[in-house]
Amino acid sequence: MSKLAVNGGTKVIQEDFESLFHWPIVTSEDIQAVTEVLEAGTMSGNEISKIFEQEYAAWNGTKYALSTANGTAALTAAFWACGIGAGDEVICPSMTYWASCTAIVKLGATVNFADIDEELNIDPDDIEHRIGPRTKAIIVVNYGAQPAKWQQIRAIADKHHLLIIEDNSHAQGALYQGKMCGALGDISCASLMSGKSLAIGEGGMICTDNRELFERCVAYGFYERTGVASKFNKAESFITDPALQKYAGIPIGGVKYRINQTCAAMGRVQLKYYDERVAEIDKAMNYFCDLIDELPGLKTIRPAKGTNTTKGGWYAAKGLVSEELAQKISAEKFCAAVAAEGVFTFSGANPPLHLSPLFHDLDYFNQGKPTVIAFGQRDVRQGKGSLPMSESLPARCFHLPWFKHFDKPAIEAHAAAFRKVIENIDELI
């Protein structure tokens, strides 16, 4: 056995594999598309953005798509579009990025946090008992690019007449039983910032088959699409609902959510090659996971084979250290040892939101009481120990190196680093 690098031994990986992980892939075609917008001075325009939306909707399998400045804007518009308001409740997994639900508080509503399962997604068995008379929707996050248990969740939502807001920021291009993620909720939102698998610089996307929800999103943050002309936009209205038409020219949300057209232009190019690039990522990551899953004490999180379910671009993909191994050594210490062997990995996941003071005592409207109980809603605040999986699993998580190309020797070298640490785990214990 060779000595671990963290203890002064020779590290497994000696080469610089930066090109194997570099993302996004930017070519002269991306640069030309962005340059044309800059030279035309139409960064604040909409014409290219509308084409991007049409192409995105067709690709994602939905009737409507609406580009936004970022994923947080997409989610905020979607919450309002779904009628979430003062005193309402929304169910959301506790372990997710804050943008999945934080904007709900500024609508005067509250979040009833649910626990997660071993795949780091909302646990369907922890949803139904949380539904009350003011529950409006369920937020479902395809966390770490792993599709949630949609069949079970949809049955619950339909039974109780609840809307599903899909946060698909991690899983663009992923499939659930053959259907594209982003087309599974009543309305979906995605972040397209430069760190995501579909990376366009900065931006977000709303997708839905529901015309009413689409128009409400437009009315919330897109004054230039309500029939009022400007220097950069024609007088074209996306609104047919008379109840929304009377506000034409002023966004109901008091916000401007349009995407910068340089990002939309890049988005068109990235989308054009995305499926091809994702296919190679999927091949590389599955090969790596096959090697890691052979190691005792480690398990990667990915769909079962033969289910026609995939992880798309594998954004923020994770694995778990077993409970048995975690009792001997922390995931943090394990990851530090693997990183010392030349692998880019680290431990942890998003901290549980149900413990955040924002969802306990923030007085957003300066009313003298926490907003999450200020409008007559039930007090669904939860303290430490209430959601055990959300509180414990982050400590067992490790991030998988995110291969963008199928380079078999390089992938095997990275897996060998994990293997070396596992085989010499006593050095760390």
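The charged end of Lys404 sits over the ring of Trp402, 3.8 Å from its centre. That contact is one entry point into this predicted model. The ring of Trp402 also pairs with another ring. Its partner is Tyr315: the two ring centres are 5.7 Å apart and the planes stand at 80°, so the pair is edge-to-face. Tyr315 belongs to the loop between strand 10 (298-300) and strand 11 (318-321), while Trp402 belongs to the loop between strand 12 (397-399) and helix 12 (408-423), so the pair ties together parts that are 87 residues apart in sequence. Both Tyr315 and Trp402 are buried.

Phi of Trp314 is near 60°, a positive value in a residue other than glycine. Ala316 has a positive phi too, of about 55°, and is not a glycine either. The cut-off for buried is under 20%.

Now move to helix 12. Ala415 has its place in this helix. Its relative accessible area is 0%, so Ala415 is buried. What is Ala415 in contact with, leaving aside its neighbours within four places in sequence? The residues are Phe288, Leu291, Ile292 and Leu295. Thr345 is 70 residues from Ala415 in sequence, and the two C-alpha atoms are 12 Å apart in space.

Phe214 is in helix 6 (residues 211-221), and Phe238 is in the loop between helix 6 and helix 7 (242-245). The pair links distant parts of the chain, 24 residues apart. Phe214 has a relative accessible area of 4%, so it is buried. Phe238 is at 14% relative accessibility and therefore counts as buried too. The charged end of Arg225 sits over the ring of Phe238, 5.1 Å from its centre.

Helix 5 (residues 150-159) shows how burial can be arranged around an axis. Trp150, Ile153, Ile156 and Ala157 are its buried residues. Why do they fall on the same side of helix 5? They cover an arc of only 130° around the axis, which puts them there. The general rule is that an α-helix has 3.6 residues a turn, so residues three or four places apart point the same way. On the face turned away from the buried side, Gln151 and Lys159 are exposed. What covers the buried residues of helix 5? The cover includes strand 4 (135-141), strand 5 (163-167) and strand 6 (175-176). Just after helix 5, His161 takes a positive phi of about 55°.

One more backbone detail sits elsewhere. The peptide bond from Trp23 to Pro24 is cis, with omega near 0°. Pro24 lies in the loop between helix 1 (18-21) and helix 2 (28-40).

Step back to the whole chain. The secondary structure comes to 13 helices and 12 strands. Along its principal axes, the C-alpha trace spans about 75 × 55 × 40 Å. For 429 residues, a compact globule would have a radius of gyration near 22 Å; this chain has 23 Å, which agrees. Buried residues make up 55% of the 429 residues. Now count contacts between residues at least 6 apart in sequence: 73% of them join residues at least 24 apart. The pair of Tyr315 and Trp402 spans 87 residues in sequence. The accessible surface of the chain comes to about 17,500 Å², and 52% of that surface belongs to carbon and sulfur atoms.

Terms used:
Residues are numbered from 1 along each chain as its sequence is written. This is a predicted model: local features need pLDDT of at least 70, side-chain atom pairs count only at pLDDT 80 or more; totals for chains, interfaces and linings use all residues. Side-chain values use heavy atoms; hydrogens and water are left out. Buried means under 20% relative accessible area, exposed over 50%, partly exposed in between (1.4 Å probe, protein chains only). Helices (H or I, at least four residues) and strands (E, at least two) are DSSP runs, numbered from the N terminus. The arc is that of the directions from the helix axis to the C-beta atoms. Contact means heavy atoms within 4.5 Å. Rings of Phe, Tyr and Trp (its six-membered ring) pair if their centres lie within 6.5 Å; planes under 30 degrees apart count as stacked, over 60 as edge-to-face and the rest as tilted. A charge sits over a ring if NZ of Lys or CZ of Arg is within 6 Å of the ring centre and within 35 degrees of the ring normal. The radius of gyration is taken over C-alpha atoms; the globule rule is 2.2 Å times the number of residues to the power 0.38. Accessible areas come from the Shrake-Rupley method with a 1.4 Å probe; for residues, only the protein chains shown count as cover.
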